[in-house]
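Dear colleague,

Please find below the structure that I promised to pass on to you.

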Amino acid sequence: MKLKPALCVSALAMLFAMPARPQASSAPELPYSPSLNLTSMDKSIDPCVNLYQYSCGRWQQQNPIPPDQTSWSVYAKLYEDNLNFLRGILEQAATNTAQRDAVSQKIGDFYAACIDESAIEARGIDAIKPQLDAITRLKSVHDMASIIAQLQLNFSRSILFGGGSDQDPDNSEQIIASLDQGGLGLPDRDYYTKDDAKSKDTRERYVQHVQKIFELLGDNPETAKNNAQTVMRMETALANASLTQVERRDPYKLKNKMDLPALEKLTPNFDWQTYYTQLQYPKIAILNVTAPAFFKQVSAELASEPLENWKTYLRFHVADSSSPYLSANFVQENFDFYRKYLRGAKEMQPRWKRCVQYADRDLGEALGQAYVRKVFSPELKQSTLEMVKQIEAAMEQRIRQLDWMSPETKQQALVKLHGIRNKIGYPDKWRDYSSVTITRNDFIGDVNNAVAFEHRRDIAKIGKPVDRGEWDISPPTVDAYYNPQMNDINFPAGVLQPPLYDAKMDDAPNYGNTGGTIGHELTHGFDDEGSQFDAQGNLKNWWTKTDREKFDERTKCVSDQYSSYVVVDDVHINGKLTMGEDVADLGGEILAYIAWKSATKDKNLQPIDGLTPEQRFFIGYAQWDCANERPEDLRMRAQVDPHSPAQYRINGVVVNMPEFAQAFACKPGQPMVKPPEKVCRVW
Ligand SMILES: [Zn+2]
């Protein structure tokens, strides 16, 4: 729904990929592991042949993917530690009901309701009966606007399409209504349109999954099969009218502002008045429609598909999106298709782990408060903020020194750099969940209420001043992001812990690792996408034509390099999809290197454990992303994830840094050394 792209350092949060650890959690502590770990390295490998394997080879051997995970990495392990810690907070809040404060009541009862499998089992599909009954009662296609409004309010999946608010792309001080494509059960529109054997197989398997959901709802197998075909046909038509992931990286393609009469003209068969009234939108003067062709298709389908088919479509999406919170047979089918078939997990995550993640997702700023108190001291905030400032100073230095950019564009780039807001650790003001009803005996009701709270909060922003202090992810999240419309960089407490940021370690690996992450987010403001927004967060060109052409040549160098890498089987990286992330990885590490050199210029750095400071910098960098990845997951991410696979995020960067070749005395012609004329540098 958001115009702003998710320019994060890792897709972990989106992909919901977490690990296994069986112990109880009575005394939660975050375990320590260092940001440069000698036992993770495979010193039998020559770093000039493969830095990633040299730095992470033994980590990979020692850390097989747990059966309940779709991939496994340093980030995933740290998030696992966070989940164990949060579990302790939740169990305590769920048990000690006598003297709880308001925050503990919400998170404790939410967790208690989630963990109570027998109550959920006993309720069966009665848990979604009100929604299913409302669908059954539908009298005409025209009446659908009302029910779609209600379902969208309560369900996090976009049902038919997505709606909410966003900053006006032309005026970031203003929040307007927005509409986006959606309505699909598979992860992306390409799953419906591609012709290769694997895509066809996935579609067949999806139709079986849809049929199974209808059977669980009580349809006989014959009816369920026909219903599944109907859903597939309707979704395929929506998919065909949807923008691709690569098209969605062009912010101008997503900018289509119009007023309500224009929307009604575009989509005459949908009752927008009823929809907006029911969702209590403020008066809408202008709204942004990210994908007009999609909405035209929605309108055409509303005219051509009979009411019965729409009831079928809605029944499926209500049940499918509710499956994780329903009885065991729904939970199992949801796992079998979405995590096992599509992403390769062998086992379901234990109940507690799923419940902690739902609480983090739905009540993150309530649950995150205790986490922050425990792990994020004012000293840690101060030292990481200091590092952010060092990286920003390095960026300023880089901009001033660029030999290909004109003084006019440099001036604008500096204005943008100086306009960036740094947000570290957690929000200054916590979100107030007091209006969300959470009870111990209605888990799906709790989830629906929490989703509705977020949706209402989003709608209520329209016409109000922008809240610059708002965060898009919770404090324990092991990730970071840049938001081009806010022009801010955001580093939650979860990503500033060992083995990422490690106060006990020397500067070199810390700058290589966390310095690189900070540089990555900062560079997003200046990648092929972020660089189209100005210092105020408006979609407004600040480049001279010639400078932009030179910039495009440089980003193409990166995209060509990554497109040559193989992900799995015959699937290559889609360098146009990953361009922004790859540019951010490269720019980030260059900035980290400059900042580290500058921060330590007066120190007499010595080798430690037989590694020079420069070598420790690059090993620290590589070890941020030690990972094992399943082929199924790699295949899915090649389609939907703008990040490249782990090994290329390391090796693909350092081949463009002569500083690396120098640190390890690599020779021309070795695999990790590019000929100088082929080296890519953007910033
Ligand atoms: Zn990123």
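What follows is an account of what was found in the model, taken topic by topic.

Please bear in mind that this is a predicted model, in which local features need pLDDT of at least 70 and side-chain atom pairs count only at pLDDT 80 or more, while totals for chains, interfaces and linings use all residues. Residues are numbered from 1 along each chain as its sequence is written, and side-chain values use heavy atoms, with hydrogens and water left out.

The sheet first. Helices (H or I, at least four residues) and strands (E, at least two) are DSSP runs, numbered from the N terminus. Four strands make up an open sheet of mixed pairing, in the order β3-β4-β6-β5, where two strands pair if DSSP finds at least two bridges between them. The edges are formed by β3 and β5 (257-258), each of which pairs on one side only. β3 and β4 run antiparallel and are joined by seven bridges, and they form a hairpin with two residues between them; within this pairing, Gly164 has Ser178 in β4 as its bridge partner. Buried here means under 20% relative accessible area, exposed means over 50%, and partly exposed lies in between (1.4 Å probe, protein chains only). Because seven of the seven residues of β3 are buried, this strand is largely enclosed by the rest of the structure.

Next come the aromatic rings. Rings of Phe, Tyr and Trp (its six-membered ring) pair if their centres lie within 6.5 Å; planes under 30 degrees apart count as stacked, over 60 as edge-to-face and the rest as tilted. The whole structure holds 46 aromatic pairs. One of them is the tilted pair of Phe161 and Tyr275, with 5.4 Å centre to centre and 55° between the planes. Phe161 lies in the loop between α7 (144-154) and β3 (162-168) and Tyr275 lies in helix α12 (residues 272-278), so this pair ties together parts that are 114 residues apart in sequence. Phe161 is buried at a relative accessible area of 1%, and Tyr275 is buried at 0%. Another pair, Tyr562 and Tyr565, is edge-to-face, because the ring centres are 5.4 Å apart and the planes stand at 85°; Tyr562 is buried at 1% relative accessibility, and Tyr565 is buried at 17%. Phe161 and Tyr275 also belong to one aromatic cluster, whose members include Phe270, Trp272 and Phe294.

Lys381 lies over the face of Tyr426, at 4.8 Å from the ring centre, and Lys504 lies over the face of Tyr32, at 4.1 Å from the ring centre.

Which helix reaches 34 Å from its first C-alpha to its last? That is helix α23 (residues 575-599), whose 25 residues give a span close to the 36 Å expected at 1.5 Å a residue, the expected span being 1.5 Å times one less than the number of residues. α23 has a kink of about 35° centred on Glu581, where the bend is the angle between axes fitted to the seven residues ending at a residue and the seven starting there. Of the 25 residues in α23, 21 are buried.

Ser55, in helix α2 (residues 51-62), is buried at 0% relative accessibility; neighbours within four places in sequence aside, its contacts include Ser40, Ile619 and Cys626. Leu326, in the loop between α14 (307-322) and α15 (328-341), is buried at 2%, and with the same exclusion its contacts include Ile120, Val331 and Ile444.

Finally, some backbone details. Most residues other than glycine have a negative phi, and most peptide bonds are trans. Pro498 and Pro499 are joined by a cis peptide bond, with omega about 5°. Asp609, in the loop between α23 and α24 (613-622), has a positive phi near 50°.

With best wishes

Key
A charge sits over a ring if NZ of Lys or CZ of Arg is within 6 Å of the ring centre and within 35 degrees of the ring normal. Contact means heavy atoms within 4.5 Å.
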